[in-house]
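Hi,

Here is the structure I promised to pass on. Have a look first, and then read on for what I found in it.

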Amino acid sequence: MERSLFGFILRYSKREQLLIVPLVVASMLIYFVTLDLPKAIINEAIQGKRFPEASSAVAFLKVHLTLPAFLGGGSLHLFDGFPLHQLPYLVALTFAFLALIVVNGGLKFQINTMKGWLGERMLRRLRYALFDRILRFPLARFRRVKSAELATMVKDEVEPLGGFVGESLITPLFLAGEALTALFFILFQHVYLGMIALGVVVAQAFIIPRLRRQLLTLAKERQLGARQLAGRIAEVADGAIEVHAHDTSNYERAEISSRLGRIFRIRFEFYQRKFLIKFLNNFLSQVAPFLFYLIGGYLVIQGKLDIGTLVAVIAAYKDLPSPIKELIDWDQQRLDVQIKYTQVVEQFTVDDIVPPEIQAPIASPQLPGAGGVRVSGLTLAGEAGTKLIDSVSFEVGLDQHVAILGSHAAGTGELTQMLGRLIVPSSGRIEVGGMDITNAPEAVTGRAMAYVGPAAYLFPTSVRDNLLYGLRHYPIREASYEGAALGEHEFQLREAERTDSTLLDFNADWTDYRAAGATGPDDMELRILEALKTVELEETIFELGLRSAVDPAHYSGLAENVLRARNAMRTRLAEPSMRGLVEQFDAGKYNRNATLAENLLFGTPIGRKTFDIENLANNAYVRRVLRETGLADDLLKMGHKLAETMVELFSGLPAGHEFFERFSFIKQDDLPEVKAMLGRVADAGLEKIEQADRDMLLALPFKMVPARHRLGLMDEAFEARILQARGTFAKNLPAEMRDGVEFFDVERYNGAASLQDNILFGKVATGQAQASARIGAMLHEVLAELKMRPQVVSIGLSYQVGVGGGRLASADRQKVAIARALLKRPTVLILDQAAAGLDAGSQNRLVANLLETRKGCSVFWALHRSDLAERFGHTLVMERGRLAEQGRFADLKGGGGALHKLLNAG
Amino acid sequence: MSLEQEFELIRRVPIFSTTDPSMQKLLAFSSDRLTYEEGQLMFSAGDPPDSAYIVMEGEVDITVPTPKGPLLVNTLGRNDVIGEIGIFGDVPRTATAVARTRVEALRISRDVFVNVIRGNPDSAIALVRILADRLAKTTAQLRRMAAGTK
């Protein structure tokens with residue numbers, strides 16, 4: 001990467017910069033003409049200097065060049081022009097003036113857009129290049145650099161560059177031209193005065209940038225400080241658990257505050273200097289006129305200078321400071337941007353960066369064939385010159401299952417990472433199936449090898465996307481574009497090409513189905529299902545599917561299937577032993593296991609806009625229904641009682657008691673307010689309370705579930721009236737609110753409710769022992785009978801795993817990562833403590849399942865539980881970076897060697 | 001089926017009888033009222049303990065698994081507390097509870113129970129008394145069994 005900003009600009013944008021120059025020159029010429037034209041309009045057309053008689057005519061647009069004396073003098077007639085009278089001449093001149101303004105405006109527009117494009121293209125190129133380098137950082141580098149700092153650099157720190165690049169060459173050219181013209185004009189008028197002007201300008205140009213050097217050091221510190229601040233904030237967010245667990249929030253506050261203080265200090269100094277320089281600069285500019293008046297005046301009095309020239313010089317000088325000042329500003333910006341650029345590039349310059357060839361996109365690389373894994377003299381040097389792995393050599397068949405054992409710091413982690421070619425060995429060779437992969441491109445290693453570490457990362461997409469991630473090496477099927485999209489795609493391609501970005505289309509289908517043993521997206525689901533079963537994740541994904549609310553339009557036959565399951569479930573629930581486990585929705589009955597809100601709507605709110613449960617009492621239509629059915633007052637009374645009960649129950653609890661969170665209808669913070677309100681109600685009576693209090697009380701009963709809360713506030717008469725209101729609500733529902741609620745309808749799929757709720761079509765009854773468990777088991781049976789399981793799993797695969805997979809349990813995250821590696825069907829599968837976070841039973845089953853699936857295929861597994869190695873055909877025992885012994889587990893166990901020692905160490 | 005009824009019940013349970021009324025109400029409010037059919041399993045030995053129960057109606061058989069099959073150790077009825085040992089012992093359930101008749105019980109979840117005991121020394125003493133009583137019973141039972149096998 002270019003070390004200097006101008007090197008970068010010249011190398012990649014010279015041609016585009018040069019293309020703008022003629023436009024700038026043309027614009028300046030036209031500008032001078034528009035300055036000159038008013039003189040002609042006033043003197044010639046209006047005052048009529050060239051029209052001595054009413055009938056005289058003047059040639060318009062006459063092109064007549066007078067050649068200078070050294071070319072022999074004389075003149076050249078190019079065009080005679082149109083003869084025009086005074087009035088038409090005025091019209092012609094003024095329209096010419098207008099035309100020139102328009103043309104110049106157009107030119108300026110063109111120049112500015114070209115500058116903008118130019119800048120943005122360079123910014124895009126730079127960002128892409130930086131990101132490309134991040135991808136090529138050796139893994140060890142990521143341990144030393146903070147991710148948030150990388151992000152700030154690529155995102156924020158290079159941003160001003162885009163604006164500057166467009167100005168970088170043209171602006172100084174333009175401004176310097178203007179300034180020089182003015183300067184020459186003054187020099188031409190009077191040499192001494194010209195010298196004064198020149199002297200001031202030179203002083204400005206010499207002193208000011210020198211003073212600014214110090215500003216730049218400060219700017220550098222400031223940039224560093226801001227970047228580190230971003231890094232620290234990300235650190236605190238990542239370590240939030242530790243902060244809370246150890247009460248270090250105030251320590252962190254103090255740390256950040258001291259950082260902010262340092263940044264403030266830098267800024268403070270910065271401003272002081274900046275305004276001092278400004279003051280000096282202004283002073284210098286003002287000194288020149290002082291000198292002009294003094295010296296020029298003296299010369300005029302002496303009669304050595306005429307007053308007209310003095311006035312012309314002062315006028316010309318007035319025009320001089322503005323380009324000079326802008327030029328100085330430009331210089332300031334240049335230095336600022338230059339620093340940013342250098343600092344960023346420094347951070348991204350790594351000696352051992354992976355060469356681009358290693359990551360070159362290859363459609364179908366030659367992959368290793370049959371044979372074995374041969375490792376010879378594998379060595380990895382650590383940072384302090386120690387050998388983390390010391391000349392390890394072994395050879396095993398590609399059909400073997402190999403366990404790697406070793407105590408802490410034996411080097412099993414490094415060995416597996418080297419096998420997966422995630423770290424490049426310091427020396428030695430790794431051959432797979434007769435192919436040397438020590439320095440093979442990632443297109444080979446990323447397909448032939450699959451590595452799963454002890455804490456695998458999941459991307460914040462769906463489970464499915466995470467599983468398919470290991471198959472996305474190269475676009476397999478081009479995306480098809482039509483019409484406007486095609487035009488846009490071609491535009492994007494052109495721009496990508498101009499900025500040396502990748503031309504591979506992100507919208508293409510990147511998933512290599514063939515590598516997973518499938519032909520397309522449809523039978524890919526089967527492969528995924530197999531992998532999920534191997535790692536025992538299918539049940540979890542199935543549960544996630546049950547809990548998802550999905551649009552049935554995306555899944556063919558889903559709505560029908562769900563309705564069938566609903567019917568089957570109804571039949572089963574009608575059996576005597578199951579009666580009462582689920583209270584199903586019935587338009588003519590109050591559901592005591594549902595909230596009052598659900599009973600009133602008799603449906604699920606769609607989205608959080610119209611009928612959100614939290615805000616239901618504030619919905620104007622709901623209020624109208626309550627008023628019309630006379631329920632408003634009863635609900636108000638109920639809310640009042642509820643508030644009293646809550647205050648009674650929860651007032652005695654100490655602050656922050658967990659019961660608030662779990663059982664109270666009222667948040668703890670609101671409790672004093674509710675108490676005060678109850679006081680007001682006691683004083684004024686329920687009828688006379690203020691609107692805000694009314695709203696608060698009215699909102700309370702909506703979350704009440706009679707069967708669960710057992711507050712005894714509702715009787716059958718009240719329920720009957722809610723049913724009546726339910727009817728009114730549905731009947732008069734305004735058309736524009738129709739999409740705010742999905743009504744419960746036994747014949748219809750409810751797109752706003754989860755699959756499970758759709759199938760149950762009711763609420764699991766509270767008060768029935770183990771109701772949930774029994775219903776869950778029944779649900780499994782029904783779905784298995786209807787062969788709906790795969791579809792539900794497929795829906796579960798669309799579950800979003802959250803940042804870093806945080807919405808999945810850590811054991812499940814590892815399982816997804818292992819399934820992702822399995823799906824790739826790699827030549828060699830490498831696992832480094834990949835199941836260590838699972839419980840012992842799951843580990844046993846996982847190892848057994850996985851080895852069964854990979855029968856006849858290569859597996860290397862670094863295990864922390866030695867007993868699991870028994871299931872592997874071959875065992876490598878590591879001891880402080882060396883391969884201590886190898887062979888069958890059973891043979892080594894009693895052999896008195898390294899394994900024997902390891903097994904009996906604890 | 002209302003809170004008042006459960007509140008009354010809780011007041012009569014020795015462990016909770018000395019706690020103040022608002023706590024008793026809160027206990028009633030925060031617990032679940034469950035119905036078990038005759039012969040239905042409430043929990044079995046080895047389960048992770050997540051809650052304790054107060055019997056409101058009916059009888060519950062408590063058995064422990066032995067190599068010779070389940071051994072009936074106790075039958076509990078109205079106002080008795082079941083499963084409180086597990087909550088404080090942090091060990092899996094030591095015994096199995098099965099509804100002998102149709103049973104109505106109030107289930108108090110582990111953390112609510114612990115919270116009440118923590119905030120109320122009298123309740124803690126009542127609990128200790130129950131545990132001591134039970135230990136004495138078990139010891140006596142063991143002694144009888146030991147005498148029987150000789």
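Let me begin with one methionine: setting aside its neighbours within four places in sequence, A:Met677 is in contact with A:Asp693 and A:Met696 (contact means that the C-beta atoms, placed from the backbone, lie within 7 Å). A:Met677 is found in helix α22 of chain A, residues 671-684 (helices are DSSP runs of H or I with at least four residues, strands are runs of E with at least two, and both are numbered from the N terminus). It counts as buried because it has 21 C-beta neighbours inside 10 Å (buried takes 20 or more other C-beta atoms within 10 Å, exposed 12 or fewer, and partly exposed is in between). Between A:Met677 and A:Ala692 there are 9.9 Å in space, C-alpha to C-alpha, at a separation of 15 residues in sequence.

Before the rest, some housekeeping. This is a predicted model, in which local features need pLDDT of at least 70 and side-chain atom pairs count only at pLDDT 80 or more, while totals for chains, interfaces and linings use all residues. Residues are numbered from 1 along each chain as its sequence is written, with chains lettered from A and ligands numbered from 1 in the order in which they are written.

Now for a helix pair in chain A. Helix α5 (residues 170-189) of chain A packs against helix α6 (residues 191-238) of chain A at about 150 degrees, with the axes 6 Å apart (axes are lines fitted to C-alpha atoms over the stretch in contact, and angles run from 0 to 180 degrees between N-to-C directions). The residues that make this contact include A:Leu183 and A:Ile186 of α5(A), and A:Ala197 and A:Val201 of α6(A).

Chain B has an open sheet of 4 strands in the order β1-β8-β3-β6, with antiparallel pairing (strands pair if DSSP finds at least two bridges between them). β1 (32-36) and β6 (81-82) of chain B each have a single partner strand, so one side of each lacks a neighbour in the sheet. β1(B) is joined to β8(B), residues 103-109, by 5 bridges, and B:Arg33 has B:Leu106 as its bridge partner in β8(B).

Finally, how do the chains meet? Contacts link 17 residues of chain B with 12 residues of chain A. On the chain B side, α1 (3-12), α3 (21-30) and β1 each give two or more residues, and α3(B) gives the most, with 6 residues.

Best wishes

Terms used: Contact = placed C-beta atoms within 7 Å.
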